[in-house]
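The stops below go from strand pairing to a helix and its side chains.

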Amino acid sequence: MTTTQQPSFPPSEPPRRRGSDDGHGHGSGEGRGPDAGDGHGHSPAPGGGHGHSHSHGPAAPVSKRLRKVIAAVLIPFAAAVAVGLVVLWPGGTPAHERTGVGFDRQTQQATVTKIDKVDCKSVNASGQAPAGDTSTAEGSSARQRAKSDCKKATVRIDTGKDEGRTFTEIVQPDQTRQLEQGEKVVVAYEPSAPKDLQYSVTDANRKLPLTLLAGIFAVVVVVVGRMRGVMALIALAISFMILNFFILPAILQGSNPLIVAVVGSSAIMLIALYMCHGLSARTSVAVVGTLLSLVLIGILGSVFIDWAVLTGNTDDSTGLIHGLYPSIDMSGLLLAGVIIGSLGVLDDVTVTQTSAVWELHEANPTMGRRGLYRAGIRIGRDHIASVVNTLVLAYAGAALPLLLLFSIAQSSVGTVANSELVAEEIVRTLVGSIGLVAAVPVTTALAALVVAADREGSVAGPVEPVGAGTPARSGKGRRRKR
């Protein structure tokens, strides 16, 4: 039985490092050709002896010395985050008396059991059509109600102490939400009102479609991402738990929103990145890049929120929060939102840039830190263009009704931008975008330094082409037969 020798790589092919599959080493396993096998192969050693290699997935990407340096940075940081969680952990959301305004109402689940059509005149207080100016919105709506049929809905309470109780609700023909028989709804309860007016329909019950959509999302993530998808879903669940059981209650309890956001975001970052991408130096570089970018976002956000005199109290929701909990720093809450909102996209940028540098190094181990940085930053520029555009459009889409109102009022661009509602979104968008743009060169430089330093410290002897004196391996990692 003889073996077939592979020709060595042509000069244009980048050579591989000699030590990656030498003796009983653990090779990378990445970037192998179709004949690389399952990672358990036999090859003649350089001195004519018999070497045996075992590849068990990606090798440790950096040397022991560099791993110690990374650990010296991240272990104290992780310990500080853990201490912050313990010190700031709230005992629960502070109780308060319900105001009955907005979301601060007692609600129950209910079902529309019957719909009857009734004459709108019979349910109007006056019973007469309006005689005033019908060119206005109110006059036109009143005339439409007078000429059309209204709906009389019978609604059954399905939860709470009044389960089984029914009440009626009149639905005007010009109302946005029209009730249908069998529809699941949410009703508000006001105990101080007269008995026949204690319940009223406030919203549709969307639990079923939202649950189904969440299930489809989970299935798609697991089918496509497999084990990584499962870990991503677990990390997502943990992120929601930190948000609901730590960040929100801690802010309501009176803790500084900025400190709470920094500690909570750091915990989410550490858990999500290491769970999804593994406990490795590559992930650690992404963590450091994300952390530095978050620091930059926090500094810029603090400076410009204060300079632009943004109070953070601009709509009904923030006004209600300020009324219920006057001790909360609303401008600090705005800054906390900027940091938390930027974290998700930052993770994507830093992980992508780190992986790009690592893959460039695997493809051409002879590249130095400058070459790695230049190649990585070219990839990052495309990422920057897409991410910034995504952020701007996302914020513009969220504020579209507000922008329409300014358009209707025919306000100038300067007037629109100067209003606090829009100025908040401008600061949020630009500060987050600056942090994301800065994350690309910072993370790319860190990754290039780590990879290049590892290559300089770990290559023992001259670089030797992989194909020289090495037999081709079949799909099972055995020698090919002639």
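Begin with strand β6, residues 184-189, which runs antiparallel to β7 and is joined to β7 by five bridges. Strands here are DSSP E runs of at least two residues and helices are H or I runs of at least four, numbered from the N terminus; two strands pair if DSSP finds at least two bridges between them. Select Ala-188 to find its bridge partner in β7, Ser-200.

This is a predicted model, in which local features need pLDDT of at least 70, side-chain atom pairs count only at pLDDT 80 or more, and totals for chains, interfaces and linings use all residues. Residues are numbered from 1 along each chain as its sequence is written, and side-chain values use heavy atoms, without hydrogens and water.

Next, select Thr-283 in helix α6, residues 281-307. Thr-283 is buried at 4% relative accessibility (buried is under 20% relative accessible area, exposed over 50%, partly exposed in between; 1.4 Å probe, protein chains only). Its side chain reaches the backbone oxygen of Gly-278 at 2.9 Å.

Finish in α6 with Phe-304 and Trp-307, three residues apart and so separated by about one helical turn. Phe-304 is partly exposed at 36% relative accessibility, whereas Trp-307 is exposed at 64%.

Technical notes
A polar contact is a pair of N or O atoms within 3.5 Å; within protein, one must be able to donate a hydrogen and the other to accept it, and residues adjacent in sequence count only if both atoms are side-chain atoms.
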